[in-house]
Amino acid sequence: MVVLKNLHPPTEGVRLEQAETTAVMDGQRLGCGTLFVAETRLSWFDGSGMGFSLEYPTIGLHAISRDVSAFPQEHLYVMVNGKLSDENETEMAEKAADDDGDDGSGSDGDDEEGVITEIRFVPSDKAALESMFSAMCECQALHPDPEDEDSDNDFEGEEYDVEEAEAEHGHVNIPTFYTCDEGLSSLTQEGQATLERLEGMLAESVAQQYHMAGVRTGESKPEFEDGMEVDAEAPEAGQFEDADVDHW
């Protein structure tokens with residue numbers, strides 16, 4: 001049996017007020033009334049002022065259902081964690097808090113796990129479904145899941161305080177970073193000799209690459225390894241005009 005309470009409609013933070021909306025809870029039609037999507041909770045009231053309210057943390061899912069084979073009318077589907085038929089939303093919220101503090105060893109918690117309440121809100125104008133869904137998304141985003149926040153905090157790094165580390169562990173060796181010029185001036189004689197040797201090897205490698213690619217530098221000779229000399233100058237005009245050409 002669905003128990004409706006004599007509650008007052010919300011007056012603050014109301015994102016949407018949808019009149020002529022029929023509520024169906026677990027297959028039982030509650031009548032036509034007004035749906036209030038407020039920042040604190042989701043509420044529905046019939047014409048006599050009786051209704052129910054839902055805390056957003058207890059809502060596990062909400063979506064627009066257009067499958068008329070599952071339900072004859074398009075509606076806003078809301079799945080609530082727990083049974084709403086025998087207790088109001090305040091008792092459900094208190095029970096959810098008690099369950100979080102419990103170690104889960106009791107058999108009652110195992111029996112109630114997976115129990116849900118299905119609510120369908122059917123507006124007279126199905127074009128209002130989009131605005132109903134959007135308003136619920138905005139309000140539910142104001143009440144994030146605490147478990148998700150805890151998991152995000154597990155991956156957050158901590159800043160390293162050098163002064164605090166020195167006070168706790170004494171002197172802390174911090175690596176010294178140099179600019180290019182400072183680094184060259186700080187090299188030892190052996191380091192400078194190694195750097196010059198590497199630069200020479202690099203220059204020689206680049207020169208060989210240019211020679212292999214056929215690029216003539218100022219120091220290269222116009223001669224290949226097989227002794228053939230190539231004249232890189234352009235042929236004179238008319239040089240081959242007297243040559244015999246066989247046409248096939």
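**Exercise 1. State the accessible surface of the chain and the share of it that belongs to carbon and sulfur atoms.**

Solution. The structure is a predicted model. Its chain has an accessible surface of about 18400 Å². Carbon and sulfur atoms hold 50% of that surface. For burial, the count runs over the 248 residues of the chain, and 24% of them are buried.

**Exercise 2. Describe the secondary structure and give the strand order of the open sheet.**

Solution. Begin with the elements: the chain has seven helices and eight strands. Next, read the order across the open sheet of eight strands, which is β1-β5-β4-β3-β2-β8-β7-β6. The pairing is antiparallel. Then take the edges: β1 (5-6) and β6 (59-65) each pair on one side only. Finally, consider contacts in the chain with a separation of 6 or more: 57% of these join residues 24 or more positions apart.

**Exercise 3. Characterise the pairing of β3 with β4, and find the helix that lies across both strands.**

Solution. Strand β3 covers residues 28-38 and strand β4 covers residues 41-46. The two pair in the antiparallel sense, over five bridges. Within this pairing, G33 of the chain is opposite D46 in β4. The helix is α3, residues 129-140. Besides β3 and β4, helix α3 lies across β2 (14-25), β6, β7 (75-81) and β8 (116-123). Relative to β6, helix α3 runs at about 160°.

**Exercise 4. Decide whether T34 is buried or exposed, and list the residues that T34 touches.**

Solution. First locate the residue: T34 is in strand β3. Its relative accessible area is 19%. The cut-off for buried is under 20%, so T34 counts as buried. For the contacts, leave out residues up to four places away in sequence. T34 then touches E17, Q18 and A19, together with S43, W44 and F45.

Conventions: Residues numbered from 1 in each chain as written. Predicted model: local features only at pLDDT ≥ 70, side-chain atom pairs only at ≥ 80, totals over all residues. Heavy atoms only, no water. Helix = DSSP H or I, 4+ residues; strand = E, 2+ residues; numbered from the N terminus. Buried < 20%, exposed > 50% of the residue type's maximum accessible area, 1.4 Å probe, protein only. Contact = heavy atoms within 4.5 Å. Areas by Shrake-Rupley, 256 points an atom, 1.4 Å probe, with all protein chains shown as cover. Pairing = 2+ DSSP bridges. Axes fitted to C-alpha atoms, helices over the stretch in contact; angles between N-to-C directions.
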